[in-house]
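Me: I would like to go through this model term by term. For each label, please set the value against its definition.

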Amino acid sequence: MNKILITLLMLLPFNTVMAQQFLSETIIHDGETRSYSIYIPPNYQSTTKVPLLFNFHGGGGNIADQIAIADMRSIADTATFILVYPQALPDPSDGGSPNWLRKDPTEIDDVFFVDAMIDSIASEYAIDENRIYACGYSLGGEFSYDLACRLNDRIAAIGVVARTMNTTIFDNCAPSHPTGILTILGTDDSVSPYDGVVWGGFKWYLSADEVHEYWATHNNAPTTPMITQLPNISTSDGSTVERHIWEEGDECVSIEHLKVIGGGHDWPGSFGNMDIDASVEIWNYVSKYNLEGLIDCNSTSTKNKNASIELSISPNPTTSIINLKFDRFENLDFQFLNLTGQSVLNGTINSNEYQID
């Protein structure tokens, strides 16, 4: 029997359990004392390996700044993963601003710092080293691309908010496995332009289209995405969202892009666009992958099972009745997830028109 997974914007409560506090940790790396905050969910057990997610602050920022805009503790509580917010060092070539990608010349390369953090954390906690993820805002997102390119043997998937790839990262990118990439980019971002940056006759940043084409091509996915319009839940934020998916490349890895039309240099759900929650979108995306591709690729691939089935859902969002209509009849198991990935309802569809309360 085939299976479908349906995610709707249902008015379901988030986990209301009070999140625990962060632990402040340091390691010595390349003669420098490096710091990070780590969050261990209350249901963590040392007998079970769990995923690890790094969340990187923007340029000139710090750990507290990033937690303020992207506190993912409640998601970690629900999904049971370890959450880490690292701190960049001051960059003397940029007025002491804490930056992940230092201006040349420099001897600091934070890709190796992340590698050392993984080793240190794995020595203390039960980490699933096939499920290590990275995400970040602005320069932290740009650094996440660098990790996906140069620490690809350890990073399974990334989520990037408000940044495209710079050409130096692109020129040195050599991923060794199909890699999950989610981007959340505003079309009116004046800090990190959607169409890239060309200045002085030199291309400094790729456009969003070029970034997605590169990763889709690397994953051997189609270069033309499927596009769906998401519900305009917040009509006062001045923006709407399209979801672009380059469906299932090698090992069932898809590239995904949330195009925030009219959006700026924002972390949606925290400030700017309020139709989506960037933190939830990132976890729901990256958590599907490990270093081998989509988890359970052979058994869950929609390409193999139900790619030809067309489904309409109405109304969406809703607080009561869901009407499902398929273009043809086929027995299907279904599962509803809330925005934090919890299963809230499941059953079997036995008609091409089905109603769920």
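Me: What makes strand S10 and strand S15 partners, and do they run parallel or antiparallel?
Reply: This is a predicted model, in which local features need pLDDT of at least 70 and side-chain atom pairs count only at pLDDT 80 or more, while totals for chains, interfaces and linings use all residues. Residues are numbered from 1 along each chain as its sequence is written, and side-chain values use heavy atoms, with hydrogens and water left out. Strands are DSSP runs of E with at least two residues, helices are runs of H or I with at least four, and both are numbered from the N terminus. Two strands pair if DSSP finds at least two bridges between them. S10 (residues 180-186) and S15 (residues 255-261) are joined by five bridges and run parallel, so the pair meets the definition. Ile 184 has Leu 258 in S15 as its bridge partner, and Thr 183 stands opposite His 257.

Me: How do you know that S14 also pairs with S15?
Reply: Seven bridges join S14 to S15, and these two run antiparallel. His 244 has His 257 in S15 as its bridge partner.

Me: Why are strand S2 and strand S13 called edges?
Reply: The open sheet has 10 strands in the order S2-S3-S5-S4-S8-S9-S10-S15-S14-S13, with mixed pairing. S2 (23-29) and S13 (226-229) each have a single partner strand, so one side of each lacks a neighbour in the sheet. Neighbouring strands are turned by 20° against each other on average, direction ignored; axes are lines fitted to C-alpha atoms, for helices over the stretch in contact, and angles run from 0 to 180 degrees between N-to-C directions.

Me: Which strands does helix H7 touch?
Reply: Contact means heavy atoms within 4.5 Å. H7 (residues 278-286) packs on the sheet and touches S4, S8, S9, S10, S14 and S15. The direction of H7 makes about 160° with that of S10.

Me: What makes S15 mostly covered?
Reply: Buried means under 20% relative accessible area, exposed over 50%, and partly exposed in between, with a 1.4 Å probe and protein chains only. Five of the seven residues of S15 are buried. For the chain, buried residues make up 52% of the 357 residues.

Me: How many residues does the largest nonpolar core have, and which have the most contacts inside it?
Reply: A nonpolar core is a set of buried Ala, Val, Leu, Ile, Met, Phe, Trp, Tyr and Cys residues joined through side-chain atoms within 4.5 Å. The largest has 45 residues, and Phe 54, Ile 82 and Trp 215 have the most contacts inside it. Helix H3 gives the largest share, six residues. A second, separate core of 40 residues includes Ala 70, Leu 230, Val 280 and Val 286.

Me: How do you know that the span of H3 agrees with expectation?
Reply: The expected span is 1.5 Å times one less than the number of residues. The 15 residues of H3 should span 21 Å, and the end C-alpha atoms are 21 Å apart, so the two agree. Among the buried residues of H3 are Phe 113, Met 117 and Ile 121. The buried residues of H3 pack against S2, S3, S4, S5, S8 and H4.

Me: Where is the pLDDT below 50?
Reply: pLDDT is the predictor's confidence in each residue, from 0 to 100. The chain averages 87, and 81% of the residues score at least 70. Residues 5-17 are below 50, with 34 contacts beyond near neighbours in sequence. Residues 302-308 are also below 50, with 13 such contacts. Where pLDDT is low, the predicted coordinates should not be read in detail.
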